[in-house]
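Here's a quick briefing to read with the model open.

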Number of protein chains: 4
Amino acid sequence: MCTAATYKTKDFYMGRTLDYEFAYGEEVTVMPRNYPLHFRYMGDMSEHFAIIGMAHVADNYPLYYDAVNEKGLGMAGLNFVGNAVYAEPDTEADEKENVSQYEFIPWVLSQCSSVKEVRSLLMRINLVGTPYSEMFPAAQLHWIIADENEAITVESVKEGLKVYDNHVGVLTNNPPFDIQMLMLADYAGLSPKQPVNTFASGVNLNMYSRGMGAMGLPGDLSSRSRFARVAYTKMNSRSGDSENESVSQFFHILGSVEQQRGCCEVADGKYEITIYTSCWNAAKGIYYYTTYENSQISAVDMNREDLESSGLKRYPLVNGQHINYQN
Amino acid sequence: MCTAATYKTKDFYMGRTLDYEFAYGEEVTVMPRNYPLHFRYMGDMSEHFAIIGMAHVADNYPLYYDAVNEKGLGMAGLNFVGNAVYAEPDTEADEKENVSQYEFIPWVLSQCSSVKEVRSLLMRINLVGTPYSEMFPAAQLHWIIADENEAITVESVKEGLKVYDNHVGVLTNNPPFDIQMLMLADYAGLSPKQPVNTFASGVNLNMYSRGMGAMGLPGDLSSRSRFARVAYTKMNSRSGDSENESVSQFFHILGSVEQQRGCCEVADGKYEITIYTSCWNAAKGIYYYTTYENSQISAVDMNREDLESSGLKRYPLVNGQHINYQN
Amino acid sequence: MCTAATYKTKDFYMGRTLDYEFAYGEEVTVMPRNYPLHFRYMGDMSEHFAIIGMAHVADNYPLYYDAVNEKGLGMAGLNFVGNAVYAEPDTEADEKENVSQYEFIPWVLSQCSSVKEVRSLLMRINLVGTPYSEMFPAAQLHWIIADENEAITVESVKEGLKVYDNHVGVLTNNPPFDIQMLMLADYAGLSPKQPVNTFASGVNLNMYSRGMGAMGLPGDLSSRSRFARVAYTKMNSRSGDSENESVSQFFHILGSVEQQRGCCEVADGKYEITIYTSCWNAAKGIYYYTTYENSQISAVDMNREDLESSGLKRYPLVNGQHINYQN
Amino acid sequence: MCTAATYKTKDFYMGRTLDYEFAYGEEVTVMPRNYPLHFRYMGDMSEHFAIIGMAHVADNYPLYYDAVNEKGLGMAGLNFVGNAVYAEPDTEADEKENVSQYEFIPWVLSQCSSVKEVRSLLMRINLVGTPYSEMFPAAQLHWIIADENEAITVESVKEGLKVYDNHVGVLTNNPPFDIQMLMLADYAGLSPKQPVNTFASGVNLNMYSRGMGAMGLPGDLSSRSRFARVAYTKMNSRSGDSENESVSQFFHILGSVEQQRGCCEVADGKYEITIYTSCWNAAKGIYYYTTYENSQISAVDMNREDLESSGLKRYPLVNGQHINYQN
């Protein structure tokens with residue numbers, strides 16, 4: 001399905017894979033500060049923070065999958081099928097802010113500059129299932145929201161809206177986040193270092209390979225195994241802190257859970273693949289991405305746009321394999 | 001350490017990762033047909049098949065890590081530390097051809113046009129441990145050799161030279177290949193499809209994620225786990241057969257076993273990473289590669305060189321992250 | 001910690017292991033129909049169903065760990081540390097029946113003849129944490145309750161009292177039952193049969209051993225792994241339906257999760273072991289058990305007691321290894 | 001198939017499970033010192049060490065599965081199907097002692113008092129495949145031989161007779177012993193202690209259960225998984241050193257790899273089970289055993305027999321469940 005991660009060097013990076021069996025037509029989309037936002041229940045917002053992210057644009061409205069605003073607050077929605085349950089609109093209670101699931105990313109990123117502010121906003125929210133249109137039924141999602149200081153996971157489930165501290169800074173899909181975190185304990189003893197033999201004291205065990213300290217880490221593409229694998233990779237990552245080294249390392253982190261065509265069959269002859277992988281520098285507002293068929297990193301820099309304008313700026317994905325021939 | 005794989009669509013592809021904690025200075029190196037080859041025990045060869053591959057070039061001599069010749073025969077040497085045992089030179093027996101381990105790739109690729117011919121050549125070989133020089137002690141390696149029809153693994157061990165059919169077309173490091181293949185049976189029931197519940201007949205188990213059919217596949221970076229993972233990925237890969245689709249898929253196959261910096265600590269603060277990943281189109285003689293810090297694919301096309309010449313043509317690796325800015 | 005299971009042949013069997021680092025002094029204890037029961041909040045009960053089970057008897061009061069009543073309804077309490085949260089006594093609400101956790105087994109078994117009746121009883125219960133005495137603080141437990149038709153799991157947690165259908169008829173400890181069941185899906189494809197090779201189509205994998213269809217089943221002593229292992233063993237068990245064959249098979253089922261001294265260190269030099277394993281024939285009211293130091297099955301038959309009496313009948317555990325010397 | 005183990009407290013213990021889908025009719029069989037032994041190629045032996053063990057007796061000849069002699073040397077043969085290759089009789093070479101596989105146990109136990117002596121004997125042996133009779137084709141076996149000081153594994157394979165030091169003192173079936181030992185390194189970091197979190201430094205992982213230090217230990221019934229599990233259990237076992245405590249612990253060690261009926265289907269509706277489990281006190285010459293249907297330990301004491309006699313003494317297995325009714 002999908003995997004998201006955060007990574008901190010000198011700057012703060014965040015991004016995600018989008019794994020699916022087909023693409024809806026995504027574009028890197030910059031929403032400048034004066035793009036008029038019309039919320040379904042919450043009225044209009046004529047001025048707001050500028051946002052860059054990956055979106056399917058429908059009738060000039062950006063349905064963001066993941067995005068970051070000019071304050072360095074980022075957010076990604078990931079599939080949460082079978083567990084996402086949205087509220088009904090509550091138009092009686094004045095204090096509740098009814099926000100449709102498809103508006104959740106712009107709602108948050110247009111007005112919050114930190115996770116701390118998001119926590120306050122979420123106290124008042126009533127996240128409802130109203131679809132964007134008949135053609136776009138409500139996606140069953142959960143979200144990771146992060147700035148350079150902290151990350152949270154937001155899940156709207158049967159029991160209501162749950163907001164979790166996300167100390168590992170990763171998210172995949174089912175099961176719910178609290179169970180994913182609980183199950184991480186199963187791997188607590190794994191390590192980048194070779195293990196000390198505590199299995200058979202006094203017996204010489206031949207450590208026949210490097211990297212045996214993480215044996216037991218799952219390698220399949222289920223959301224539970226991707227969660228454990230990307231958490232391990234992210235939490236143990238080491239890199240220089242230059243932009244290039246940080247971005248490279250970030251794509252390697254998400255590369256650990258990439259979905260190869262053929263390895264996850266979702267219907268006869270249909271395979272889930274990592275359609276795109278994104279990484280944004282939250283401080284600089286640069287949105288990097290690769291696609292399944294193009295391993296070169298493409299980038300759009302929010303700050304090269306006129307952020308005071310009012311129209312969306314859209315960049316179709318560079319999809320073909322761009323090969324650098326040396327001769 | 002390293003992983004190699006083969007892949008067949010319309011053309012035949014092969015390549016490898018080189019995983020280590022530092023680079024020796026590799027270059028994509030084309031050896032044209034008239035580059036004079038001086039073998040340690042086997043004399044000179046003034047004319048031979050042209051070769052392209054990754055090499056450390058020492059005193060104008062290419063110490064190939066992996067290469068393919070103009071006939072479409074490819075070969076890669078991978079670490080086999082603790083198990084590789086080379087013979088002593090046997091200068092008595094006329095029928096034996098003494099070849100040093102560092103000459104093995106040019107010895108084979110200069111004169112064989114198929115694995116079938118390699119099998120014959122190996123009947124006469126005496127693979128010896130003579131080092132290239134004092135500065136380059138004999139590397140402990142084993143090899144995968146493949147053309148579009150078949151692949152073999154060659155291991156020089158205590159018991160002698162072993163030649164194995166390699167039906168999965170992958171190789172990593174320890175343990176020896178026959179044990180790696182034996183242990184694949186542990187994963188026989190894994191599948192890209194969702195499993196049918198045979199665990200608890202009549203009980204409804206909630207298949208909460210896609211891709212649960214391969215649960216049990218190992219996800220760590222040991223050579224045994226990489227063998228299983230890359231074998232699964234390769235054997236189940238699906239792609240179009242165009243050059244771009246094939247090459248993309250090949251890099252995704254090896255991406256499944258990529259080593260991220262931090263996840264495999266080989267000494268205090270030293271981490272093994274995937275220094276480069278290569279992929280050649282054996283039919284067309286194009287050598288593609290990426291590096292840890294440059295995810296864009298670079299390429300050198302053997303057939304754009306003058307293959308009748310006598311001098312090595314060397315292309316230093318493009319290492320920095322080449323980002324395609326869209327604005 | 002502990003494991004419980006049910007098993008059905010001609011009769012219905014149920015039992016559990018008690019795993020801990022020391023014993024409190026348990027006895028097989030028969031409570032006849034006229035033993036006067038004084039409930040903390042619910043008054044006295046002078047007549048009730050007869051019960052047999054394992055109990056620590058304090059001041060002539062049986063603190064049952066597991067028991068079955070004369071109607072064939074059985075129940076076992078298992079450690080649920082960190083997740084069990086009991087209610088406060090609610091003496092306002094008339095409709096609520098305040099029952100202390102230590103009274104839960106006699107409360108249920110004294111008056112219910114089926115799980116169906118238990119479900120009704122649980123609608124009215126307010127399970128409170130009042131301890132038996134200062135010396136016996138409230139144990140953090142959850143329960144499996146079963147008759148020959150169905151099994152349920154009861155958990156008193158932060159969110160309130162949860163009653164789950166238990167379709168596999170097993171229980172261990174943490175995490176909560178719904179998570180344990182969810183995670184069983186990770187093993188859905190395991191099977192007593194040899195796997196068909198779906199890993200590497202067309203490649204001959206040498207199935208070098210019998211029993212490879214369940215590779216991936218966890219073998220450690222954690223409560224999560226014991227849950228999966230005993231569920232697999234129970235759900236796939238086959239036996240004759242005679243009393244001896246059924247009882248033998250039942251002890252083999254729980255034997256699959258037995259704790260050996262040394263394998264689970266809970267404090268320096270302290271090891272959790274399977275102190276006893278019980279199995280009752282719910283139809284016949286026979287309570288069988290073994291202990292860590294006595295593998296012979298001992299038994300107490302409720303129906304050989306005067307069930308119309310009013311005093312507890314207590315049988316200390318037969319603990320030494322009873323060996324049958326043939327010469 | 002089968003599992004063997006050794007265990008040392010004050011005395012030395014050894015034994016095995018015999019796992020199969022049916023029994024051949026085994027008996028605990030004492031061979032006194034003057035029972036006349038006729039070897040196929042090696043002539044007669046009229047006097048020898050006394051032996052006790054489990055055997056199928058054919059025409060008054062004990063085909064031992066496992067046995068111990070009066071000197072405390074024990075030996076067990078376990079299935080090794082597909083890998084066992086026996087030599088042809090070599091009647092030319094004087095120095096070679098031709099011994100049939102079915103004679104191997106009596107050949108060794110009749111004349112060796114220690115593993116050290118066995119090592120010498122094995123220097124001269126030519127282990128041949130001559131069957132006992134047409135009705136008893138040569139079983140494909142390998143052996144564990146042990147005294148209180150050391151254990152070895154003997155395997156007759158394609159490459160010849162291999163003798164391995166067995167530092168863990170356990171044996172199961174395929175793959176060959178050296179591979180089993182190599183693969184133990186995969187579990188090197190497992191431990192009876194709770195793991196320290198090295199997976200996600202600085203993140204609080206909730207160790208929700210006791211015994212999480214051995215997560216990753218395999219729980220299925222394949223010979224590879226049983227090898228790892230019994231090695232872990234044996235190497236970490238703790239017990240008192242009295243006879244009862246030692247024997248109890250030994251049966252618990254082998255209990256960790258017991259085969260429950262239904263969990264390993266070897267043909268339609270045919271299931272491998274642990275037919276018997278044996279344990280001998282090598283110092284005292286007592287042979288203990290349990291069977292699938294009788295969990296009580298039965299015992300035969302060699303020293304209660306007249307060891308100077310010449311006839312086999314046979315004790316049929318006590319098979320029914322012997323239950324100790326307390327009321």
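Helices (H or I, at least four residues) and strands (E, at least two) are DSSP runs, numbered from the N terminus. With that naming, D:Pro175 sits in the loop between strand E14 (170-171) and helix H3 (177-184) of chain D. Keep in mind throughout that this is a predicted model.

**Chain A against chain B**

- Chain A and chain B each put 73 residues into their contact.
- Together they bury about 6300 Å², with carbon and sulfur atoms accounting for 47% of that.
- The interface of chain A and chain B holds 6 salt bridges.
- A salt bridge joins the side chains of A:Arg210 and B:Glu21, at 2.8 Å from N to O.
- On the chain A side, helix H4 (223-236), helix H5 (243-255), strand E15 (265-267), strand E18 (286-291), strand E19 (294-301), strand E20 (313-316) and strand E21 (324-325) each bring at least two residues.
- Sorted by class, that side of chain A has 28 nonpolar, 28 polar and 17 charged residues.
- There's strand pairing between the chains too: E19(A) runs parallel to strand E21 (residues 324-325) of chain B, over 2 bridges.
- Within that pairing, A:Ala299 stands opposite B:Tyr325.

**Chain C against chain B**

- Here 34 residues of chain C are in contact with 34 residues of chain B.
- The buried area is about 2500 Å², and carbon and sulfur atoms give 71% of it.
- How many salt bridges cross between chain C and chain B? The rule finds 0.
- Polar contacts between chain C and chain B come to 14 residue pairs, both residues at pLDDT 80 or more.
- Helix H3 (177-184) and helix H4 (223-236) of chain C each supply at least two residues to the side that touches chain B.
- H4(C) is the top contributor to that side, with 5 residues.
- By class, the chain C side counts 25 nonpolar, 8 polar and 1 charged residues.

**An antiparallel sheet in chain B**

- Chain B has an open sheet of 8 antiparallel strands, ordered E13-E12-E11-E8-E7-E6-E3-E20.
- Its edge strands are E13 (160-165) and E20 (313-316), each pairing on one side only.
- Neighbouring strands in this sheet are turned by 30° against each other on average, direction ignored.
- E6(B) and E7(B) pair antiparallel over 8 bridges, and B:Ile52 stands opposite B:Val68 in E7(B).
- Helix H2 (residues 115-124) of chain B lies across E11, E12 and E13 of chain B, running at about 20° to E12(B).

- Over all chains, the whole structure has 69 salt bridges.
- One of them links the side chains of B:Asp11 and B:Lys284, at 2.9 Å from N to O.
- B:Asp11 is in the loop between E1 and E2 of chain B and B:Lys284 in the loop between E17 and E18, so the pair ties together parts 273 residues apart in sequence.

- Most residues other than glycine have a negative phi, and most peptide bonds are trans.
- A cis peptide bond joins D:Asn174 to D:Pro175, with omega near -10°.
- Chain A has a cis bond from A:Asn174 to A:Pro175, with omega about -10°, and A:Pro175 is in the loop between E14 and H3 of chain A.
- B:Asn60 has a positive phi, near 65°, and is found in the loop between E6 and E7 of chain B.

Notes:
Residues are numbered from 1 along each chain as its sequence is written. Chains are lettered from A and ligands numbered from 1 in the order in which they are written. This is a predicted model: local features need pLDDT of at least 70, side-chain atom pairs count only at pLDDT 80 or more; totals for chains, interfaces and linings use all residues. Side-chain values use heavy atoms; hydrogens and water are left out. Contact means heavy atoms within 4.5 Å. Buried area is the accessible area (1.4 Å probe) that two parts lose on being put together, summed over both. A salt bridge is a side-chain nitrogen of Lys or Arg within 4 Å of a carboxyl oxygen of Asp or Glu. A polar contact is a pair of N or O atoms within 3.5 Å; within protein, one must be able to donate a hydrogen and the other to accept it, and residues adjacent in sequence count only if both atoms are side-chain atoms. Ala, Val, Leu, Ile, Met, Phe, Trp, Tyr, Cys and Pro count as nonpolar, Asp, Glu, Lys and Arg as charged, and the others, Gly among them, as polar. Two strands pair if DSSP finds at least two bridges between them. Axes are lines fitted to C-alpha atoms, for helices over the stretch in contact, and angles run from 0 to 180 degrees between N-to-C directions.
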